Structure formats: C-alpha cells, structure tokens
Amino acid sequence: MCPANAAILGLATTVPRHRLSQDDAVAIARDVLAPRYPGFARLESVFTNAAIDNRYAVMPIDWYRAPRGWADRSRAYLKSATALFVDAASDALRDAGLAAQAVDSIVTVSSTGIATPGLEARALAAMGFRADVRRVPVFGLGCAGGAGGLALAARLAQAAPGENVLLVVVETCTLAFRAQAPNKADIVASALFGDGAAACILRAGPGGNAMARVAASAEHIWPDTLDIMGWDIGEEGLGVIFAQSIPAFARAHLAAAFAGIFARWGMRNAGFADHVLHPGGAKVIVALEETLGLASGQLQRERDILRDFGNMSAPTVLFVLERALRTGLRGPTLLAALGPGFTLNCVVLEPA
C-alpha cells in the first residue's frame with residue numbers, strides 16, 4: 001500500500017425522513033399507474049420480486065399522487081437534494097474530525113435533478129465552506145456515480161497531497177415518478193428506486209485516521225449501448241430508460257470487462273479479499289455473483305442494503321461500503337458499480 005494513495009478519513013450516509021414500505025409503493029402504483037397502464041397487473045409481481053422492504057422518499061407519499069411537471073420536480077429537487085447534501089457532508093466531516101473550513105475541494109455527484117449553481121454552492125453558507133473551495137459538479141453517471149465519484153475524488157486528492165477532498169453523492173430518484181403516461185420502465189422504477197445520499201472525506205499523504213485507501217480505479221464503457229439505461233426527458237420531467245435486461249447484459253459482457261481491468265491492474269479476481277458492489281436489483285446481484293465466481297448468497301451486505309433502502313442509484317454502493325468498513329476490510333477489496341453509458345466503474349480499496 002502506497003501512503004500517497006488517497007485515504008478515506010470519514011464516511012456517512014443519510015436518507016430523507018419519509019419512509020415508503022413496499023406495500024405503500026404497490027398501493028400507490030395501483031391507484032395511480034394501473035388506470036393508465038393496461039398491462040399493470042402483469043407487471044405487479046416486480047414489487048414482490050424486488051426483494052425490497054423499505055425505501056425513503058424526499059416528499060410525502062401524497063405528493064406523488066398529483067400530476068407533476070418540470071417546475072414542481074425541480075423545486076422539490078433543489079430543496080431536498082441540498083438538505084441531503086448538508087446532512088451527509090456534515091456527518092462525514094464529523095466522522096473525519098474535520099471542520100467545513102478544512103475542505104479544499106468538493107466533488108458533487110447527482111443525476112436526478114439539475115442545479116445551477118450546483119448543490120455545493122447552495123449548501124455553502126449552511127456548511128461554512130471557504131470562499132476559495134474548488135467545486136467539481138458531476139452529472140450523468142447514474143448508478144455508477146458512487147464508484148466513479150470515489151475514483152475522481154481520490155485522483156484529485158492524490159494530485160494535491162495534504163488537501164481534503166469532500167465527495168457528496170445525492171440522488172432523489174423518486175422525483176422521476178411519472179404518473180400521466182407510464183410505460184413498463186416507469187413501473188419497474190416505481191418498484192425499485194428510493195432516495196438517499198452519502199459523503200466521504202479523502203486525503204493523500206500522511207495524517208488522519210484512515211479507514212481505507214484507494215489503490216486503483218478503472219472504467220469500461222461499451223460502445224453502442226446508450227439505450228440500456230438513462231433518462232428520457234419529457235414534459236413531466238426525467239423518466240427512466242431500461243431498454244435492455246441489465247442482468248442478462250451483465251452475464252453476457254461483464255466477465256470480459258472485469259478481466260481486462262484486472263489485467264491492467266496486474267491482479268486476478270481471486271486476489272480480492274472482499275467485494276463491495278452496487279446492488280442495482282435482486283437479479284443484478286445474482287448476475288454479479290455468477291460473473292465474479294462468488295458463492296450464491298455471498299453478497300449479503302448488498303442484499304441487506306437493497307432490502308432496507310432500495311436502489312438509491314449512485315449513493316447505494318457507498319451504503320454498502322459503510323457496512324463493510326464497520327467490520328474492517330480484510331484485504332484488497334473490489335468496489336464496483338454499473339451505470340448508464342453503459343459503464344462499469346471499479347475501485348480497489350486496501351485496508352489502512
């Protein structure tokens with residue numbers, strides 16, 4: 001392990017206060033989506049098969065029953081995402097034993113709303129960041145944003161040893177709930193996605209109580225796969241795209257991508273003591289176990305996070321990482337997530 005590698009000095013996760021059980025989600029889908037989508041009854045099993053008990057939403061459940069356009073969704077995003085940013089960033093700084101004035105750079109990852117100026121600028125006064133703090137807003141990584149954001153923040157920390165880089169990942173997926181003219185992807189999304197945020201502090205060089213170090217990172221993007229996952233932008237706002245079966249794509253293509261990345265690192269999958277993976281869905285977890293040659297059921301942390309919070313998009317893998325760090329990394333650990341592009345983002349973590 002190289003001390004110049006960026007260390008994670010603090011990590012925190014947070015969710016909004018409105019808890020949404022899967023029973024609640026089914027009920028609102030029946031009320032709102034079923035009358036507008038004739039094939040709803042055939043798809044209702046996705047709620048049961050999602051292996052999710054609870055999710056959290058930035059708005060109370062009745063907010064989602066009314067028609068919403070860009071203006072409503074944008075107002076909700078700016079208010080709720082900024083609040084989640086402040087909560088996650090404050091807790092991560094507290095975990096690292098640092099004040100906001102000590103932050104030199106901020107990487108903000110969010111793809112579920114548009115904020116100009118960015119969330120970090122909107123949170124600046126509440127947080128007490130310095131006026132000369134550097135800001136790096138990142139949009140468009142989707143579910144891969146937790147891994148991709150961590151890799152980017154680590155590289156920024158390595159480029160300026162001794163400086164503190166704050167990574168904040170915020171997603172408000174439920175604001176994309178579209179009721180007026182739902183399609184199959186909208187119904188699947190309503191069974192799967194929730195809201196949440198995560199933040200961590202990174203610093204390269206000596207000093208600080210490191211929880212883990214980022215030893216390497218890599219990304220693989222498949223050509224001609226823009227339609228697998230992303231946003232469909234319509235009158236109501238952002239709507240999810242699932243044009244292909246992601247578990248099937250993972251089984252067909254992930255092994256070669258992982259092998260290529262491992263080869264560049266001079267590693268093999270057998271060299272990892274543990275895995276921290278984005279639980280995109282119950283079938284995605286199974287596909288990842290099969291692709292990486294893991295025992296069936298080995299990704300229990302991922303299943304627990306999916307059960308308790310649903311798929312929160314980008315922050316979800318950092319929720320898994322938080323639980324892994326509680327017990328301590330046993331050795332080199334692969335952190336990975338899939339997202340629109342279609343993209344695989346990977347990070348190697350080593351015990352501090």
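Leaving aside neighbours within four places in sequence, which residues is Cys143 in contact with? They are Phe193, Met229, His278, Asn311, Ser313, Ala314, Ala337, Leu338, Gly339 and Pro340, where contact means heavy atoms within 4.5 Å. Please keep in mind that this is a predicted model, in which local features need pLDDT of at least 70 and side-chain atom pairs count only at pLDDT 80 or more, while totals for chains, interfaces and linings use all residues. Residues are numbered from 1 along each chain as its sequence is written, and side-chain values use heavy atoms, with hydrogens and water left out.

**Around Cys143**
- The unreviewed UniProt entry annotates Cys143 as "active site"; such annotations may be inferred rather than shown by experiment.
- Cys143 sits in the loop between strand S5 (134-138) and H7; helices (H or I, at least four residues) and strands (E, at least two) are DSSP runs, numbered from the N terminus.
- With 5% relative accessibility, Cys143 counts as buried (buried is under 20% relative accessible area, exposed over 50%, partly exposed in between, with a 1.4 Å probe and protein chains only).

**Helix H7**
- The 15 residues of H7 (residues 145-159) reach 21 Å from first C-alpha to last, close to the 21 Å expected at 1.5 Å a residue; the expected span is 1.5 Å times one less than the number of residues.
- Among the buried residues of H7 are Gly145, Gly146, Leu150 and Ala157.

**Salt bridges**
- The whole structure holds 16 salt bridges, each a side-chain nitrogen of Lys or Arg within 4 Å of a carboxyl oxygen of Asp or Glu.
- Asp104 and Arg130 form one of them, at 3.0 Å from N to O. This pair links distant parts of the chain, with Asp104 in strand S4 and Arg130 in the loop between helix H6 (124-127) and S5, 26 residues apart.
- Asp274 pairs with Arg301, their closest N and O atoms being 2.8 Å apart. Asp274 lies in strand S11 (residues 274-277) and Arg301 in helix H11 (residues 300-309), so parts 27 residues apart in sequence are tied together.
- Asp274 is buried at 14% relative accessible area, whereas Arg301 is partly exposed at 22%.
- Asp304, Arg307, Asp308 and Arg323 are linked in a salt-bridge network. Within helix H11, Arg307 and Asp304 are 3 residues apart, about one helical turn.

**The loop residue Gln101**
- Gln101 lies in the loop between helix H4 (70-96) and S4 and is partly exposed at 47%.
- Not counting residues up to four places away in sequence, Gln101 touches Gly128, Phe129 and Arg130.
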